[in-house]
Amino acid sequence: MTKTWAVLHDRDARLFLTAVTVSGFGTSALWLVSGVWVKDLTGSDGLAALCMLAMWAPTLAGPLLGALADRVPRKPLLIADSLLLAALLPVLFAVDGPDRVWLVLTVLFVYGAAGVVHDAAESALVAGAVAPPLLGGFNGLRMAVTEGMKLVAPLAGAGLYAVQGGPGVALLDAITFVLAALLYAGLRVRQSRPAPLAPPTSPDSGDEPSGRTATAPRSPRRGPPATHRRTLFKRTPTAPEAPDLSQTTPSRPTLFRHTPTAPKTPGLSPPATHRRRPSRRTPAGAGARHIWAHPILRPLILAGGTTMFFAGLNGALIYAVIDGLGHSPAYAGALYAAQGAGSVAVGLVSGPALRRLGERRFAAYGIALTAVAAGLRAIPSDPLALACSAAIGAGLPCVLIAALTAVQRETPDALLGRAVATAHTLVYTPNVLGLAAGAALVELVDQRPLSALLGVAWLATAVPLFQRPASAPRIASRSPSDANPA
């Protein structure tokens with residue numbers, strides 16, 4: 001736990017976590033109340049369900065929205081994003097009847113889009129503001145805080161809704177975003193603009209090199225240098241420039257805009273005023289290509305997306321599980337509370353666990369724990385059901401924390417916003433598909449065999465992560481284990 005507590009001694013990490021706590025409280029309260037509010041206004045379950053869909057739909061545009069975090073200074077973007085939401089939420093005071101429900105859905109859609117930009121900018125800024133050895137611990141504490149708010153905020157939001165109605169909860173959420181903006185303003189970051197994206201190292205080496213820092217220039221040959229495990233993204237003052245670095249293949253989109261410069265003196269790097277900056281035409285899909293081509297990120301993101309698909313299936317079975325136990329639907333509150341407690345617990349220990357196990361094994365053990373717990377729900381037992389919920393809460397965040405930490409660590413700064421937003425899209429979108437598939441299956445198949453089959457299929461997702469990466473030669477120049485967080 002030493003390193004985890006070290007996160008709290010980092011000033012920027014404390015400010016980030018406090019901002020997450022404050023804004024997360026308001027967001028969790030609004031998520032619950034929005035559906036209840038629309039249900040009370042219209043009496044329609046379908047319109048109430050659209051509230052959640054409106055907030056999640058912008059995730060599908062994650063690569064496009066996340067590109068803002070790579071083209072706009074990130075700290076001002078976080079502040080502006082928070083203030084935008086604070087100014088937007090009071091619009092809900094105009095909702096006074098069923099004919100204004102469209103206004104609620106519109107606000108929630110914009111809220112979700114701003115949330116995608118916010119998450120991308122925050123994760124990218126954290127990667128530069130928090131020391132790399134503390135990233136895993138920070139992401140774990142962030143998960144613990146988020147899940148903790150889900151235990152407290154909905155109850156507080158429901159109480160406030162009973163007294164002040166939907167506008168009162170909207171005002172509370174707006175205030176939390178103002179406070180978060182003030183906290184973000186106190187961050188001390190070395191640079192507010194994302195670092196320039198390095199040019200391709202050769203015409204056939206891909207659009208972007210992997211890694212974030214290094215000490216030696218890349219040669220025109222394909223592949224990473226053999227003498228160091230990471231590659232360079234900013235030129236050192238004394239390294240001569242390779243003669244063909246400024247060229248791009250005509251058949252590929254140009255990633256860099258060349259500014260006129262004075263003739264270069266051999267052996268000298270160009271002055272700071274002439275450094276290349278990322279072009280606004282840099283494709284939003286560059287983050288997706290980076291993830292897919294990366295031997296560490298691709299299996300983690302695929303495992304995360306598959307896990308969230310099965311999590312959606314498992315979530316759709318919750319009321320069938322409760323029926324099998326002979327309880328009323330309200331018993332779901334006890335199961336969700338146990339699940340939240342498990343998530344808080346794993347968030348507190350994820351930093352040391354990541355350093356000990358590495359991203360792949362940490363994610364694999366979490367998936368295995370979740371799969372076994374989901375399968376055991378086939379056995380009707382109250383103590384077992386509560387234990388399985390706690391185990392699912394502890395296991396499910398592991399792959400999410402591991403994937404985000406790996407993306408922050410293995411992605412060039414100039415691509416980080418797009419890569420984070422793309423990772424969120426690839427990981428969380430399958431959850432919606434799983435919920436839809438589960439809702440259909442639970443009407444056709446009994447819950448007990450369905451839970452058992454789900455557990456077996458889910459467990460198979462962890463198997464590739466226990467194996468060594470298949471593309472070992474491509475990462476031979478990195479540390480001996482892809483788990484090394486250094």
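**Questions about helices, cores and buried residues**

Guide: Let's start with a pair of helices: H13 crosses H14 in a right-handed way. The model is predicted, with local features needing pLDDT of at least 70 and side-chain atom pairs counting only at pLDDT 80 or more, while totals for chains, interfaces and linings use all residues. Residues are numbered from 1 along each chain as its sequence is written, and side-chain values use heavy atoms, with hydrogens and water left out.

Visitor: Why are H13 and H14 called roughly antiparallel?

Guide: Their axes come within 10 Å and cross at roughly 160 degrees. Angles over 145 degrees count as roughly antiparallel, under 35 as roughly parallel, 65 to 115 as roughly perpendicular, and the rest as oblique. H13 and H14 are therefore roughly antiparallel. The axes are lines fitted to C-alpha atoms, for helices over the stretch in contact, and angles run from 0 to 180 degrees between N-to-C directions.

Visitor: What makes H8 oblique to H13?

Guide: Helix H8 (residues 135–185) packs against helix H13 (residues 382–410) at about 140 degrees, with the axes 9 Å apart. That angle makes the pair oblique. The H8 and H13 crossing is right-handed. From H8 come Leu 135, Gly 136, Asn 139, Gly 140 and Met 143, and from H13 come Pro 397, Leu 400, Ile 401, Leu 404, Thr 405, Gln 408 and Arg 409. Six of the residues in this contact are nonpolar, five polar and one charged.

Visitor: How do you know that H7 and H8 are roughly antiparallel?

Guide: The axes of H7 and H8 come within 12 Å and cross at roughly 150 degrees, so the pair counts as roughly antiparallel. The crossing of H7 and H8 is right-handed. Tyr 111, His 118, Asp 119, Glu 122, Val 126 and Ala 127 of H7 meet Leu 135, Phe 138, Arg 142, Asp 173, Phe 177 and Tyr 184 of H8. That contact holds seven nonpolar, one polar and four charged residues.

Visitor: How do you know that Trp 37 is buried?

Guide: Buried means under 20% relative accessible area, exposed means over 50%, and partly exposed is in between (1.4 Å probe, protein chains only). Trp 37 has 7% relative accessibility, so Trp 37 counts as buried. Trp 37 sits in helix H2 (residues 11–42). Leaving out residues up to four places away in sequence, Trp 37 touches Leu 92, Val 95, Tyr 161, Gly 166 and Pro 167.

Visitor: Why is Leu 348 called partly exposed?

Guide: Leu 348 has 36% relative accessibility, so the label is partly exposed. Leu 348 belongs to helix H12.

Visitor: What makes Thr 422 buried?

Guide: The relative accessible area of Thr 422 is 3%, so Thr 422 is buried. Thr 422 lies in helix H14 and, not counting residues up to four places away in sequence, touches Pro 63, Gly 287, Ala 288 and Ile 291.

Visitor: What makes a set of residues a nonpolar core?

Guide: Such a core is a set of buried Ala, Val, Leu, Ile, Met, Phe, Trp, Tyr and Cys residues joined through side-chain atoms within 4.5 Å. The largest one here has 44 residues, and those with the most contacts inside it are Leu 300, Ile 301, Phe 362, Ile 367, Val 407, Trp 458 and Leu 465. H13 gives the most to this core, with 11 residues.

Terms used. Helix = DSSP H or I, 4+ residues; strand = E, 2+ residues; numbered from the N terminus. Left-handed = near helix turned anticlockwise from the far one by under 90°. Contact = heavy atoms within 4.5 Å. Nonpolar A, V, L, I, M, F, W, Y, C, P; charged D, E, K, R; others polar.
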